[in-house]
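Morning, everyone. Please bring up the sequence and the structure, and we will walk through a few spots together.

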Amino acid sequence: MAGITKRNGTWHLRMRVPRRYAGVEARAEIHRSLRTDSEREARARLPAAEAAVLAELDARLTMGQSQRPGDVFSAAVSLAATRGVAYRQADDLASGPLEEILARLDTLKPSDTPQMARALLGGVEAPQLMLSGLVEEVERICDYDNRYKSETQMRLWRNPRTRAVANLMAALGGDRPVLALEAGDARRHKAWWQKRIEREGQKAETAKKDFSNISSMLTHYYESLDMAEPPRPYLGVTIRDRHAVKSRKPEIPVNWIMEKWFAPGAFDDLNDEARDILLISIETGCRQAEIHDLPSDAIVLDAVIPHLRIAFEDGEEKREVKNTSSVRLVPLVGVALAAARRHPNGFPRYRYKRSYSALINGYLRGLDLMPSPKHTAGGTRHTWESRLKAAGIASDDRGEMMGHSVASARNRELYGDEMPLERKLELARAVALETPPHLA
């Protein structure tokens, strides 16, 4: 732990070098000026100064020990920044003014290690990560961000990014180093997509997802290298179809649910898990995955108000929900409560899989239980909000019930407490449908 000491009227950090840095720091103690003669101010500046020293030591250690070129390059960038300069590779420095090289040499101190000299004088080559390895590298970089994702969710995260890289490589005619990508390459990617759209009738939205996935991965990669001024090759690259009509998922009419889906025998040939996932969606407005991916302990039936717990889950049954606004407690009423009681441990047949949607839509269409070919079972979520709206429930309250971001809808900070479960129960009961005896 660092302390302070006064030398020539100025307070300095005084820190014993931890043993783990012995290979990159020969001194037993490090002293660094805190640039103040006030003891109070010196103690206020001490934590930041200590953190900066440890960060520099960590970077030097990485440069000396890491086998990952990206980590070594990132460490070199960080070390150069501690001396107030951006990292530039040696050939780049050599082609510039001699004054810059001399200025960097002047910042070197007698106590500096070879790692610092390499960082200041561009002695570390930029890593040559190829496009073909970008998804794997970004997955490593984003490991913490993705910590709640199940295996299925990771597959769904990985697949569109892998496809985007494959499309980019097809547009460029092969693999190439990630750091060699330029704006012209992004424009070639766009031109490749424009031809596909014209030739195959692909949607512009599909191309835009490609651009977004590539741009996002590049940003994560550049950030991992601590690049001071990262390139932005995909800036402004998009495809717009001014004739495209934004589609909306059609609602399932309430009378259709009551007359067709609640009719005796309607679900006789459907397995009970799929049937009850659908019934829960009717009276909760939950997304399908929020229901069929519920961990075994997330259906809470022994509480005063039976409810579902929609949350980020860790451990063996980990899962990631759509966003933080989706984290909520959902009261169970009507057919949803009856269905949950039949499955107190959730729906293992469909948990962390993506087979439910195709099965339920295929079943309902096969028995003419859909209002039209455009309708899907996911329309129950839209129906539920319309039921809340018809009951005169305010937009903010509907947002909380549905797991929407109320702050985004308002475009301002959200104040006040979360809606209590008791109030949610009142609202859910206000729009609940009559439960047929055979579904109770």
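Is helix 11 mostly covered or mostly open? Mostly covered: 12 of its 13 residues are buried. Buried means under 20% relative accessible area, exposed means over 50%, and partly exposed is in between, with a 1.4 Å probe and protein chains only. Helices are DSSP runs of H or I with at least four residues, strands are runs of E with at least two, and both are numbered from the N terminus.

A word on the source. This is a predicted model, where local features need pLDDT of at least 70, side-chain atom pairs count only at pLDDT 80 or more, and totals for chains, interfaces and linings use all residues. Residues are numbered from 1 along each chain as its sequence is written, and side-chain values use heavy atoms, with hydrogens and water left out.

Back to helix 11. Its buried residues include Ala274, Ile277, Leu278 and Ile282. Charged names are in that list too, among them Glu273, Arg275 and Asp276. Helix 11 spans 18 Å from first C-alpha to last, close to the 18 Å expected for its 13 residues. The expected span is 1.5 Å times one less than the number of residues.

Now look at the two ends. At the start, a side-chain oxygen of Asn271 comes to within 3.1 Å of the backbone nitrogen of Glu273. Just after the helix, Gly285 takes a positive phi of about 70°.

Contact means heavy atoms within 4.5 Å.

Two packed helices are described by the angle between their axes and the distance between the axes. For helix 11 and helix 13, the angle is about 145° and the axes are 7 Å apart. Axes are lines fitted to C-alpha atoms, for helices over the stretch in contact, and angles run from 0 to 180 degrees between N-to-C directions.

Next, the loops. Tyr352 lies between helix 13 and helix 14. Its phi is positive, about 60°, although Tyr352 is not a glycine. Tyr352 counts as buried because its relative accessibility is 15%.

Asn8 sits in the loop between strand 1 and strand 2. Phi of Asn8 is also positive, near 55°. Why is Asn8 called exposed? Because its relative accessible area is 84%.

Glu313 is in the loop between strand 5 and strand 6. At 11% relative accessibility, Glu313 is buried. Its side chain makes a polar contact with the side chain of Arg309, at 2.9 Å. A polar contact is a pair of N or O atoms within 3.5 Å; within protein, one must be able to donate a hydrogen and the other to accept it, and residues adjacent in sequence count only if both atoms are side-chain atoms. Beyond four places in sequence, Glu313 touches Tyr148, Pro295, Lys318 and Arg319.

Last stop, Leu46 in helix 1. Leu46 is buried, at 11% relative accessibility. Not counting residues up to four places away, Leu46 touches Ala2, Gly3, Ile4 and Leu13.
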